[in-house]
Amino acid sequence: MSARLDRTDLKILRLLQNNGRLSNAELAERVAISPATCHRRTQRLFEDGFIASVRAMVAPRKVAKGTLVMVGVVLDRSTPESFATFEQAIAKLKFVLDCHLVAGDFDYFLKIRVGDMEDFNRIHGEQLIALPGVRQTRTFFVMKEVVDNAPLEF
């Protein structure tokens with residue numbers, strides 16, 4: 001962890017990570033600093049990249065995206081060019097929530113939210129297997145989300 005972060009910065013980060021809707025006044029009160037100081041520190045945390053963004057977490061079922069699917073992808077070749085081509089293509093697909101280059105049996109793991117199995121079947125047949133360099137995919141339908149997007153521990 002950066003030496004530039006003191007206890008107050010860490011407390012601000014923890015509080016905002018747990019509730020990004022805290023007003024500056026509420027945050028300042030909980031951290032026991034003035035609102036002006038709190039605002040300056042929070043702005044610095046954004047500017048220095050400690051806070052990447054703030055956004056609402058939408059309930060997937062409420063917007064007809066209740067089915068979570070994990071997809072392992074194996075590419076034809078393991079070259080920097082094939083990885084770059086795949087990554088450029090996958091970044092354009094709005095239904096892909098996460099894409100991670102991994103070590104092991106797969107090259108990438110994708111996290112995808114869809115309405116149902118039929119929705120995924122359509123996406124898989126029309127878009128996923130048509131991605132450049134894809135040799136094989138293996139699909140895992142999530143039966144229960146035990147921990148999802150937990151706050152970072154620091």
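Buried means under 20% relative accessible area, and partly exposed lies between that value and 50%. The exercises below use this on a predicted model.

**Exercise 1. Classify the ring pair F86 and Y108, and state where its two residues lie.**

Solution. 
1. A pair of aromatic rings is described by the distance of the centres and the angle of the planes.
2. A search of the whole structure finds six aromatic pairs.
3. For F86 and Y108 the centres are 4.5 Å apart and the planes stand at 35 degrees.
4. Planes under 30 degrees apart would be stacked and over 60 edge-to-face, so F86 and Y108 make a tilted pair.
5. F86 and Y108 are both buried.
6. Together with F83, these two residues form one aromatic cluster.

**Exercise 2. Classify the ring pair F120 and F141, and decide for each residue whether it is buried or partly exposed.**

Solution. 
1. The ring centres of F120 and F141 are 5.5 Å apart, with the planes at 85 degrees.
2. That angle is over 60 degrees, so the pair is edge-to-face.
3. F120 sits in helix α5 (residues 117-128) and F141 in strand β4 (residues 134-141), 21 residues apart, which again links distant parts of the chain.
4. F120 has a relative accessible area of 5% and is therefore buried.
5. F141 has a relative accessible area of 33% and is therefore partly exposed.

**Exercise 3. Describe how helix α2 packs on helix α3.**

Solution. 
1. Two packed helices are described by the angle between their axes and the distance between the axes.
2. For α2 (residues 24-31) and α3 (residues 35-47) the angle is about 100 degrees and the axes are 9 Å apart.
3. The range 65 to 115 degrees counts as roughly perpendicular, so α2 and α3 are roughly perpendicular to each other.
4. From α2, the residues N24, L27 and A28 meet P35, C38, H39 and T42 of α3.
5. The residues of this contact divide into four nonpolar, three polar and no charged.

Conventions: Residues numbered from 1 in each chain as written. Predicted model: local features only at pLDDT ≥ 70, side-chain atom pairs only at ≥ 80, totals over all residues. Heavy atoms only, no water. Phe/Tyr/Trp six-rings, centres within 6.5 Å; stacked < 30°, edge-to-face > 60°. Helix = DSSP H or I, 4+ residues; strand = E, 2+ residues; numbered from the N terminus. Buried < 20%, exposed > 50% of the residue type's maximum accessible area, 1.4 Å probe, protein only. Axes fitted to C-alpha atoms, helices over the stretch in contact; angles between N-to-C directions. Parallel < 35°, antiparallel > 145°, perpendicular 65-115°, else oblique. Contact = heavy atoms within 4.5 Å. Nonpolar A, V, L, I, M, F, W, Y, C, P; charged D, E, K, R; others polar.
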